[in-house]
Amino acid sequence: MTDPILENLNPKQLQAVKTTEGYVRVIAGAGSGKTKALTSRFAYIVDRLGINSSNILCVTFTNKAAQEMKKRVKALIGDLYDVSFITTYHGFCVRFLREEINKIHYPKNFIILDAEDQKTILRDVFTELDINSKNLTFKQVLRFISKQKSTSDYMGYMLENISFEPDEKDSISARVYQKYLDKQKRNYALDFDDLIHFTAFILDSNPDVLSKWQQMMHYIQVDEAQDSSDSQFHLVEMLSREHQNLFLVGDPDQTIYEWRGAKPEYLVEFDRMFPDTQTIIMNQNYRSTPNILKVGNHIIKNNQIRVDKDMVTDNPEGVEVVHFHGKNDFEETFWVASEIKEILKTEKASYSDITILYRSNHLSRNIEQALIKENIPYAIFGGVRFFERREIKDVLSFLRLIVQGDNFSFLRMFNHPSRGLGKKFLERLSLLAGEQNLSLLQALENNIQDKELNKKGAIDFLSLVVELKKDAENNSISDLVKIILDKSGLSELYRKDGDEDRLENIKELVSSMMLLEKENNGPINIAEYLQEVSLYTDLDKDTENQDKVRLMTIHISKGLEFPYVFLCGFTEGVLPSALSIKERRKRAIEEERRLMYVAVTRAEKRFYMTDSEGFNFTTGLNKYPSRFLFEIKEEFYVRKGKLSAEMIQSAQSSAAASKNTEDTAFSEGDLVMHPVWNKGKIQTVDREKNQYIVHFFEMGKEKPIDFAFRFLTPASEEEPEDTSPAAILELHDSLKTAPDPFTQSDASGQDAFADDTDRKEPESWN
């Protein structure tokens, strides 16, 4: 008789399931059956060891993953068991706080803020402080708030009945943070970071509560452990201290959330923290072909923060991985479209078997256009179609209003941004338009003297439309969009909104128009452009079960698998992201490489990498293939499309130049030489601002020098006299107590005031 819990487990999975006691680390590579091992282990502890399921905590990162695990556990042991502690970190914390938050005098019906709620608070704060995205963006502020909550003792403030006193010396970020906390306190509202921090605070501050929950949690399992943050790991480690049964499963090679606090070191160095740790490597891949795994294995070996492993598979060799290089964006995306048609024809595949991945959402625009032109149905997962995004529709509506004067565009834009034109204004205008058989715009033009229509906002709007019509006669469509954004106030609105993604999408729209103008060798007819674009916006909404090609970012694809995968926009500055590298240097390049690894290991049968030449309007540089392409031996893939020797050389030079800025070249205490200010000493290495604070000896001042400044070079150990004010005061103090060199000698009979220019500084100074 077969055992439903243990059947179909390979030796490593079986070892993971049966190793129930103590500290256990499972390194589970992509496609190795991690969830199967995790759920079988939960079922084994309940059904074979007899442990009550309510004494097992199993945390993961998404509700979808938690629901899948619950379903699988119930399939193994039945519906009679309590599996409510198979949950997310946040789910566990909400349950904990519903029971224990009264310990800090918060009501049990506290409010939980989602991302949109946070943005709503920030809009109020920005208005109160009279700031906009020229100063800060929502994304920057939310990251700042999250970081402050992770690194500062803000809980004490949250629990005191006090508010921050305004201080003009505080930075803008600090003032926004303070007001954000005040608004949270006033409403007893917790954001996702607070759920973890409040839980940890209550456990740390109340020994009786900690003991109660430690006693309850006999076994703790952590899924996707490589994504655990400091606070998350602290939580599970603290809860496991009583019974010391802590099981971590994950893959450091798939850590792609460091930018939001993930620390792969907890998994990588788990055996150092707990010397009795048992480590199990699950490297049998059931998903991909050997050809695909060779590429993934080859790339990820370049990372340092990992546990060494090679994924292996018994699957057939399969077809070779393909890299396509196009002369421009159009050639790249139309090659993808034609290859999709070829797959459908030769592989008996469905559209839904095919997935297109990209590093950033705005890259979907070119892909969408190519798929539509080739009549290939598609669905965007985890995002909005490019031409359905609010800011894109705003711009297109203004263009349409100028050319066509239609009611839909008028209704969208007449009071956006707000011009104080309300419900009564629109009712009167609609009545007159109906009576006179005119469009709303024509009715406003003909009846602007009507007392209910003769408002400043309406007069200004009509003047704007007239101006823009004249601008349309003398400007290209790409320039016209810039004029519309400026004159209409939309650009200012998006900046004040603080959502920088909107501005990025507008840039992408303008760059696509410029590319069309270049391809067209001249101006584009606005009416024809709008007609073509309407195809992109009038498609039916997609459902998950429809037979359509799937488009998504690499981040969204994590944990999923697809028969055929295209990785588009495989371009230096895109993947790896130039912005991420600038912000986080060497840490970022490892994470970007993991993103590449995640993309490769989503594929079951075929994997394609595509890039193209041209100009990247976001980075302001010519486009080159990603540096990661050159980390793969050419024998591991087939190249299609001509990639010239000059292009390869330029790409490698670009990557090498970029590589020099990935990490800091100098450490605190190093002596450096500047081409203008000469010799100096590194006082501080500021990784947040990517700069050194250097004290330059000759000028006696400190200067912030960017990590990327390539003319800062190492200097010799000889150090000029320090003439900074602090050093001068210190010198004065020391002179008061110093012995007189002219009256005393050392024991050897030599002058104490001997030449010591060759003296080396102690190691501890550097």
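## Overall architecture

The secondary structure of the protein comprises 29 helices and 22 strands. The model described here is predicted. Of the 766 residues of the protein, 51% count as buried. Among contacts with a separation of 6 or more, 73% are made by residues 24 or more positions apart.

Strand 1 is mostly covered, with six of its six residues buried. In a regular strand the side chains alternate between the two faces of the sheet. In strand 1 both faces are covered: Tyr23, Arg25 and Ile27 lie on one side, Val24, Val26 and Ala28 lie on the other, and all are buried.

Strand 1 is joined to strand 7 (residues 246–250) by five bridges, and the two strands run parallel. Within this pairing, arginine 25 stands opposite leucine 248 in strand 7. Strand 1 also pairs with strand 8 (residues 278–282), in the parallel sense and over five bridges. Here the bridge partner of valine 24 is glutamine 278 in strand 8.

## The annotated binding site

UniProt, in an unreviewed entry, places the feature "binding site" at Ala28, Gly29, Ala30, Gly31, Ser32, Gly33, Lys34 and Thr35. Ala28 is also among the buried residues of strand 1. Glycine 31 is located in the loop between strand 1 (23–28) and helix 2 (34–47), and glycine 33 lies in the loop between strand 1 and helix 2 as well.

Glycine 31 has a relative accessibility of 14% and therefore counts as buried. Apart from neighbours within four places in sequence, glycine 31 is in contact with Gln284, Asn285, Tyr286 and Arg287. Glycine 33, at 23% relative accessibility, counts as partly exposed. With neighbours within four places in sequence again left aside, the contacts of glycine 33 are Gln13 and Met282.

Seven strands form an open sheet with parallel pairing, in the order 11-12-10-13-14-9-17. Strand 11 (378–380) and strand 17 (637–640) stand at the edges; each has a single partner strand, so one side of each is left without a neighbour in the sheet. From one strand to the next, the twist averages 20°.

Within this sheet, strand 9 (residues 321–326) and strand 14 (residues 603–612) run parallel and are joined by five bridges. Helix 16 (residues 364–373) lies across strand 10, strand 11 and strand 12, and runs at about 160° to strand 11.

## Packing of helix 14 and helix 27

Two packed helices are described by the angle between their axes and the distance between the axes. For helix 14 (residues 290–300) and helix 27 (residues 578–600), the angle is about 170° and the axes are 9 Å apart. Helix 14 is therefore roughly antiparallel to helix 27.

On the side of helix 14, the contact is made by Ile292, Val295, Gly296, Asn297, Ile299 and Ile300; helix 27 contributes Arg593, Arg594, Met596, Tyr597 and Val600. These contact residues divide into seven nonpolar, two polar and two charged.

Helix 11 (residues 230–239) is largely enclosed by the rest of the structure, because eight of its ten residues are buried. The buried residues of helix 11 are Ser231, Gln232, Phe233, Leu235, Val236, Glu237, Met238 and Leu239.

Serine 463 is part of helix 21 (residues 456–474). With a relative accessibility of 37%, serine 463 counts as partly exposed. Serine 463 and glutamate 445 are 18 residues apart along the chain, and their C-alpha atoms are separated by 9.9 Å.

How values were computed:
Residues are numbered from 1 along each chain as its sequence is written. This is a predicted model: local features need pLDDT of at least 70, side-chain atom pairs count only at pLDDT 80 or more; totals for chains, interfaces and linings use all residues. Side-chain values use heavy atoms; hydrogens and water are left out. Helices (H or I, at least four residues) and strands (E, at least two) are DSSP runs, numbered from the N terminus. Buried means under 20% relative accessible area, exposed over 50%, partly exposed in between (1.4 Å probe, protein chains only). Two strands pair if DSSP finds at least two bridges between them. Axes are lines fitted to C-alpha atoms, for helices over the stretch in contact, and angles run from 0 to 180 degrees between N-to-C directions. Contact means heavy atoms within 4.5 Å. Angles under 35 degrees count as roughly parallel, over 145 as roughly antiparallel, 65 to 115 as roughly perpendicular and the rest as oblique. Ala, Val, Leu, Ile, Met, Phe, Trp, Tyr, Cys and Pro count as nonpolar, Asp, Glu, Lys and Arg as charged, and the others, Gly among them, as polar. UniProt positions are given in the numbering used here, feature names are shortened, and annotations may be inferred rather than shown by experiment.
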